[in-house]
Amino acid sequence: MEFILEGFFQAIHLLITGNAETYSAITATIKVSSCSMGCSLIMGIPLGFCLGYFEFKGKKSIRTIVDTLMALPTVFIGLLVYAFLTHRGPFGDFGLLFTLPGIAIGQAILALPIVIGLSATAVESMDKKLRTTIMSMGANRRQLFLSSLWESRHGILAGAIAAYGRVMTEVGISMMVGGNIKWHTRTITTAIALETNKGQFGMGIALGIVLLTLALFVNISVSFLRRRF
Amino acid sequence: MLQATKKAGSILFVSLFILLFTASACAENKKVLMMATTTSTDNTGLLDYLAPKFKKATGIELRWTATGTGKALKLGENCDVDILMVHAPPAEKKFVEEGYGVDRSEIMYNDFVIIGPAADPTGIKGNDIKDALKILKNKQVTFVSRGDNSGTHKKELSLWKAAELQVPDKEGWYIQTGQGMLTTINISAERNGYTMTDRGTYIKHEDNLEGNPPLKILVEGDKALLNQYSVIAVNPRHCPNVKYGPATEFIKWITNPEAQQLISDFKLLGKPLFTPNAKKSSDH
């Protein structure tokens, strides 16, 4: 039992003393999750918005596919990305296997359906009267488009946070594509898996607490932004 | 409708472009040697100890991913790494024969041991490996196997075969973890069972628990339990992209007397984990 308490103190100790290994894992996690979230937001919000905003044939089936992909298991994505990035795979020449960008691609695939799906839901669940109101105020198509996007911002933000949560905490992709290489592709989650494997529970718990602190920090800043806008 | 699909299409195109752009911007280019190795060289901390010394001597940065020997060989075959440090001689020789690897050099050894509860309920202590396995099978006590096609797992399978016993693959008392050596020892300790490990990882486990582990060494010292480690460069003719130069430098470095001395100086609890045994003339 004492290792749980010990882990807690170790977490504080690691953070205060600036332990190089811990900070390397934290930087890797932040780098890779920002990269993947950036990609998935840039692609996902426009796609999700279109999916919710426009009416077209086959919309329902696309929704079903997107919703299914929201449940993609991380180990499966890891396997797929590995198969594409290995030197015998189609994109082997880019040399992305065992690198942070390689992990970021996998995590972007993980986050994309969540961003698309939840953005589409946010746009769809907007008050239908809003559209007529905006139109009656003499808005043109472009203004209508932009104000709809603005009105659905909270729903889209919620989607982004949900996606960020999955990206930060996944271990399958980082382990399979990144290879858990010390100082380079070792993220907080793969480090926890490794420390647990080695039976160093204290260190694992310490890293877990670090991860939670990061998530708390992100959520606090998001709710701050929300209050201002 | 058509407009919408067109729009979606162009958005998709632009975003794919951005993805590729960011991915290539993040990509790094340094003089590094990528190694695939077994869990024992990583778990014990041997590579953490050797890598900075190798960098100091040659300026090359060693990076490694730790998996079982089976997967490490597969990574070499797929050209995803430049060099391997593994411990399954028959599989290694086959790997070289099939043209995937070159310059295989033996570098060090330790031995496998059977560990189990200190009370030793089956009384295998002091038996040779064949009899020990027979007793374990007859008494059907919990035996924890790696089950992951690693060097240790391959060795264990060959020992069952040498004892003329069928591998107890589907038996309830035979647990296959599919995980690394330290994890497997921990699982074995939790289940109060027996397992086979290399001595280096066992000493690391002992060290983690401050010299007082629940499982003790019960069977050791049999000739059949030798555990030989080797390095193999991935064949540049099979994989034109591999860094054969740095791989050769690593092999030269690790087989020279200085690095060999470093290996024998690597100790935990005052015990050496590996014994160097590279052949003196490293003229490849």
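Does B:Y244 count as buried, exposed or partly exposed, and how many C-beta neighbours lie inside 10 Å? With 19 C-beta neighbours inside 10 Å, B:Y244 counts as partly exposed, because a residue is buried if 20 or more other C-beta atoms lie within 10 Å of its own, exposed if 12 or fewer, and partly exposed in between, the C-beta atoms being placed from the backbone.

The structure is a predicted model, in which local features need pLDDT of at least 70 and side-chain atom pairs count only at pLDDT 80 or more, whereas totals for chains, interfaces and linings use all residues. Residues are numbered from 1 along each chain as its sequence is written, and chains are lettered from A and ligands numbered from 1 in the order in which they are written.

Chain A contains eleven helices and zero strands; helices (H or I, at least four residues) and strands (E, at least two) are DSSP runs, numbered from the N terminus. Its pattern along the sequence is accordingly written α-α-α-α-α-α-α-α-α-α-α. The C-alpha trace of chain A spans about 65 × 45 × 30 Å along its principal axes. Of its 229 residues, 44% count as buried. Two residues are in contact if their C-beta atoms, placed from the backbone, lie within 7 Å. Among the contacts in chain A between residues at least 6 apart in sequence, 79% join residues at least 24 apart.

Two helix pairs of chain A are described here. Two packed helices are described by the angle between their axes and the distance between the axes. Axes are lines fitted to C-alpha atoms, for helices over the stretch in contact, and angles run from 0 to 180 degrees between N-to-C directions. Helix α2 (residues 20–53) of chain A packs against helix α8 (residues 153–169) of chain A at an angle of about 145 degrees, and their axes are 10 Å apart. The crossing of α2(A) and α8(A) is right-handed; a crossing is left-handed if the near helix is turned anticlockwise from the far one by less than a right angle, and right-handed if clockwise. From α2(A), the residues A:T29, A:S33, A:S36, A:M37, A:S40, A:L41 and A:I45 meet A:I156, A:A160, A:A163, A:Y164, A:V167 and A:M168 of α8(A). The residues of this contact comprise nine nonpolar, four polar and no charged, where Ala, Val, Leu, Ile, Met, Phe, Trp, Tyr, Cys and Pro count as nonpolar, Asp, Glu, Lys and Arg as charged, and the others, Gly among them, as polar.

In the second pair, the axes of helix α4 (residues 74–85) of chain A and helix α5 (residues 100–124) of chain A come within 10 Å and cross at roughly 135 degrees. This makes α4(A) oblique to α5(A), since angles under 35 degrees count as roughly parallel, over 145 as roughly antiparallel, 65 to 115 as roughly perpendicular and the rest as oblique. The crossing of α4(A) with α5(A) is right-handed. A:T74, A:I77, A:G78, A:V81 and A:L85 of α4(A) make the contact with A:G102, A:I105, A:G106, A:I109 and A:L110 of α5(A). By class, six of these residues are nonpolar, four are polar and none is charged.

Six bridges join β1(B) in parallel to strand β2 (residues 61–66) of chain B, and B:L33 has B:L62 as its bridge partner in β2(B). β1(B) also pairs with β3(B) in the parallel sense, over three bridges, with B:T37 opposite B:M85.

Strand β9 (residues 226–234) of chain B has seven of its nine residues buried, so β9(B) too is largely enclosed by the rest of the structure. Strand β3 (residues 83–86) of chain B runs antiparallel to β9(B), joined by four bridges. Strand β4 (residues 101–117) of chain B pairs with β9(B) in the antiparallel sense over eight bridges, and B:V102 stands opposite B:A233.

B:T67 is placed in the loop between β2 and α4 of chain B. B:T67 is buried, with 23 other C-beta atoms within 10 Å. Leaving aside neighbours within four places in sequence, B:T67 is in contact with B:A36 and B:A72.

Methods. Pairing = 2+ DSSP bridges.
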